[in-house]
Amino acid sequence: MNYDRIMIRYGEMSLKGRNRKHFIHKLKKNIQFMLRDFENIQIESGWDRMYVVLNGEPVEPIIGQLQKVFGIQSFSPVIKTDKKIEDIRAAALHIAEQVHSPGNTFKVSARRTDKTFEYDTNGLNHAIGAHILIHMDDIKVDVKNPDLNLMVEIRKDAAYISGQLIYGAGGFPVASSGKAMLMLSGGIDSPVAGFLTMKRGVGIEAVHFHSPPFTSERAKQKVLDLARKLAQYSGSVKVHIVPFTTIQEVIHKEIPSGFSMTATRRMMLRITDEIRKRQGALAIVTGESLGQVASQTMESMLAINAVTNTPIIRPLIAMDKLEIIKIAEDIDTIEISNRPYEDCCTIFTPPSPKTRPKLAKMEMLEEKVDWTPLLEEAVNKTETMMISARARSSTDLESLL
Ligand code: ATP
Ligand code: MG
């Protein structure tokens with residue numbers, strides 16, 4: 001009698017009354033996708049629980065995959081039995097014996113959704129606890145801090161018994177709340193911003209500005225590798241690579257150096273917004289964090305943001321660098337981000353960009369050039385690729401759309 005299924009508990013999404021059906025459907029699809037390598041599993045979804053029926057597939061790697069699925073609060077490998085006290089006791093005893101080492105402590109935490117069941121929760125705790133104490137040596141009850149917490153759930157259809165509670169990634173199922181364009185550089189911040197946005201249920205497409213020959217193929221590859229890390233949470237991520245050299249050269253030539261960084265950001269935002277419209281996305285995500293660099297002062301953000309009314313999501317805005325690095329380590333993007341590369345912005349960044357650019361002055365300076373054809377050309381020559389989570393080598397995934 002081994003664990004035969006995994007019981008999945010929904011997180012916050014269970015609060016979302018009206019959208020719940022949609023969330024559950026999306027979560028099921030996402031789980032199916034994440035577990036696509038396990039051919040024999042089946043997924044049963046219900047109003048407040050989902051089950052992955054293992055059908056002989058191994059439990060450990062499935063646990064590893066489920067930990068990456070947003071919208072799961074917690075999950076437990078369980079044994080399902082009939083609602084007969086003998087069967088429930090036997091399953092609980094089996095679990096206790098499997099994980100036992102001498103001197104261990106345990107408790108039983110029973111729950112009933114089926115209030116008609118012959119035992120109430122106290123009665124169940126005692127009936128199962130006594131059975132374990134009778135059949136096992138060298139085990140004691142500790143209700144405060146047990147080594148093993150035997151969870152028994154009596155539901156309408158059956159009883160579920162488990163000795164393990166694993167926390168999920170939380171949040172909402174990816175792509176259950178629309179789509180946003182992530183401005184993805186090769187730095188530490190923007191992948192973290194993408195991850196946090198996906199966690200809130202938003203689907204992501206990445207936009208990257210590339211300025212060959214000033215930025216190399218390596219710099220581009222870095223962004224594709226970062227996109228692949230993010231694709232782990234959604235299966236795949238579309239990446240738009242925007243050729244940005246011409247615009248940067250014109251800025252360099254025509255805009256006074258103190259304003260060139262602000263102008264660069266404004267052009268990036270305009271282009272991203274146009275791609276967003278074409279892709280039917282609802283917002284733009286950046287890795288900006290207040291005060292980090294010249295472009296991220298309040299004045300700079302006002303001057304940059306003025307080119308669009310589209311909502312801009314800045315998940316890192318109030319975070320310290322160390323907090324951001326911690327997340328980058330957790331999601332395993334930090335090593336890629338730390339690879340040396342040339343950033344298209346730093347190459348053209350003047351020694352002293354204005355930290356308080358005035359919007360009116362910026363707008364006046366921009367008037368010198370007709371940017372529209374330049375922006376259109378950049379958008380039209382944008383190269384779009386689908387990066388899948390699965391591809392291991394960089395050569396077998398660059399499928400041009
Ligand atoms: P990051 O670590 O994400 O590069 P940063 O702290 O280096 O951020 P900036 O270089 O000022 O800050 O960039 C701010 C934000 O602008 C980035 O987080 C990213 O969202 C966007 N961005 C910067 N450079 C690019 C680029 N080449 N392509 C796409 N987006 C970019
Ligand atoms: Mg950067």
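Throughout these legends, buried means under 20% relative accessible area, exposed over 50% and partly exposed in between (1.4 Å probe, protein chains only). The model is predicted, with local features needing pLDDT of at least 70 and side-chain atom pairs counting only at pLDDT 80 or more, while totals for chains, interfaces and linings use all residues. Residues are numbered from 1 along each chain as its sequence is written, chains are lettered from A and ligands numbered from 1 in the order in which they are written, and side-chain values use heavy atoms, leaving out hydrogens and water.

**View 1. Tyr-51 and Tyr-160, a stacked pair.** Rings of Phe, Tyr and Trp (its six-membered ring) pair if their centres lie within 6.5 Å; planes under 30 degrees apart count as stacked, over 60 as edge-to-face and the rest as tilted. The count comes to 7 aromatic pairs. In this one, the centres of Tyr-51 and Tyr-160 are 4.8 Å apart and the planes meet at 15°, so the rings are stacked. Both residues are buried.

**View 2. Phe-195 and Tyr-233, an edge-to-face pair.** Here the rings are 5.2 Å apart, centre to centre, with 65° between the planes. Phe-195 is buried at 12% relative accessibility, and Tyr-233 is buried too, at 14%. Look for Phe-70 as well: ring pairs link Phe-70, Phe-195 and Tyr-233 into a cluster.

**View 3. Arg-36 over the face of Phe-33.** A charge sits over a ring if NZ of Lys or CZ of Arg is within 6 Å of the ring centre and within 35 degrees of the ring normal. Arg-36 lies 4.0 Å from the ring centre of Phe-33.
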